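Here is a short tour to read alongside the structure on your screen.

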Amino acid sequence: MTEDDLADAYRRFGTMVLRRCRRILRDDAEAEDALQDVFMKLWKYGRAYAEAQSKLLWLYRVADRCCFDRLARRPPRADATTPVVEAEAPGGAQRVDDSDLVVKLLGGVDDRMRQIAVLYYIDEMSQEEIASETGWSRQTINKRLGRLRDELAAARARLVGETP
Amino acid sequence: MTEPHHPSRLELERLVTDDLRAAARDTLDEHVSSCAPCGAYMAELRAAHAERLARVPPSVFLDRHRQRRRRWLHRAILGWTGGVVTAVAATVLLFRLPHRADQIRFKGAGISVYRKRGDQVQVMTASDRVRSGDALRVVLTLGGPARLWVAAVDASGRIDPLVPGGLIELAAGEQPLPESAVVESPCVDMWLIAWPAVLPAEAEVSLRRMLPSLRGGAASFPTSALVQSVRCE
């Protein structure tokens, strides 16, 4: 991958990838580092990117992994340091609220659950779209989302001191 | 009145980065042009995009990327160099240190001694004793083919090869030595030794050096040797 290709990718997708990293990491400086991580992967695996049908989705999948790796390495802390204020996607208020909690929960779930959670809560895909994207059955996705919702409810209750 | 179906955040982000196929893009464009919330979200994305490129233009971002790449390459080269040095060191150690085959002891290897007294033949256990006239048949169990020096060493310091010349090549598995040894009179406690890939002269010199400790009962044979003690009644 040439420097021109990298510059083009940054010019076209850099902002969106950075926003996604900020949404997951809740830390501006770390999100900038994660963006650099993503572009290192792009530099190394440029051919896969070139062959990807959707460049943005490819970069998002890489960004997700980079961010979750960073979250896994991050020492425990009270909460996110820098509040990230972003415009909400239309009609996505509840999911956006949930996505805050989802990000907190994702450290403790397996890869498949994490991928479904990201697609549903962060990408706001429908279950049909997730099934099409992952190749997993609707039943699997529904079951896992149900479990995740239970965990979200419990987490929300812990935060506000209620019984779920 | 039903809530209008809005495209997902991802779809709008793909739209703003021109990452959609023409048909999907046209459909979304049509929706966005008539939907105030989606239009506002698209405007916000475009503003963020413009602000980002103004604040961190591609040239600046690529400078940081180059620095990161240099650091990564530096670490990678260090890692490769370390790996090569380790591999070379391991190879040298592998071929230099354990090269002496007398250091190698086969896994599962051992010596069994069959005692024939009159018409009775039995495998000797630790509590069994021999006496003059007993015939001893030595069976070696080997994990792999080996060239061995095999001998009986008694407490007086006498060394008797168990095969002509002392050396024998054996295949893996249970291998009886071709000849039996007869316990002479008077009977003297002894050790039966099978020592891989050692020259007879070298083995005899080593064993003679060990004699004082053998006599004192504090026998300490080379770890690579298979040893079975045989005690007299």
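A:Arg138 counts as partly exposed in this predicted model, because its relative accessibility is 41%, which falls between the 20% limit for buried and the 50% limit for exposed. This residue lies in helix H8 of chain A, which covers residues 138–160.

- A:Gln127 is 11 residues away from A:Arg138 along the chain, and their C-alpha atoms are separated by 6.6 Å.
- Helix H7 of chain A spans residues 127–134, and A:Gln127, A:Ile130, A:Ala131 and A:Thr134 are buried there.
- After H7(A) comes A:Gly135, with a positive phi near 80 degrees.

**How H2(A) packs against H4(A)**

- The axes of H2(A) and helix H4 (residues 55–73) of chain A are 9 Å apart, and the two helices pack at an angle of about 125 degrees.
- H2(A) and H4(A) are therefore oblique to each other, since angles of 65 to 115 degrees would count as roughly perpendicular and those over 145 as roughly antiparallel.
- The crossing of H2(A) past H4(A) is right-handed.
- From H2(A), the residues that meet H4(A) are A:Glu30, A:Asp33, A:Ala34, A:Asp37, A:Val38, A:Lys41 and A:Leu42.
- Their partners in H4(A) are A:Trp58, A:Leu59, A:Val62, A:Ala63, A:Cys66, A:Cys67 and A:Arg70.

- B:Arg69 has its place in helix H4 of chain B, residues 58–96.
- Is B:Arg69 buried or exposed? B:Arg69 counts as buried, because its relative accessibility is 15%, and the limit is under 20%.
- Leaving aside neighbours within four places in sequence, B:Arg69 is in contact with A:Glu3, A:Leu6, A:Met40 and A:Trp43.

- Chain A has an average pLDDT of 80, with 77% of the residues scoring at least 70.
- Confidence in chain A is highest in helix H2 (residues 28–44), at a mean of 94, and lowest in helix H5 (residues 93–105), at 60.
- Residues 78–88 of chain A have a pLDDT below 50, and this stretch has 20 contacts in the model beyond near neighbours in sequence.

Methods:
Residues numbered from 1 in each chain as written. Chains lettered and ligands numbered in written order. Predicted model: local features only at pLDDT ≥ 70, side-chain atom pairs only at ≥ 80, totals over all residues. Heavy atoms only, no water. Helix = DSSP H or I, 4+ residues; strand = E, 2+ residues; numbered from the N terminus. Buried < 20%, exposed > 50% of the residue type's maximum accessible area, 1.4 Å probe, protein only. Contact = heavy atoms within 4.5 Å. pLDDT = per-residue confidence, 0-100. Axes fitted to C-alpha atoms, helices over the stretch in contact; angles between N-to-C directions. Parallel < 35°, antiparallel > 145°, perpendicular 65-115°, else oblique. Left-handed = near helix turned anticlockwise from the far one by under 90°.
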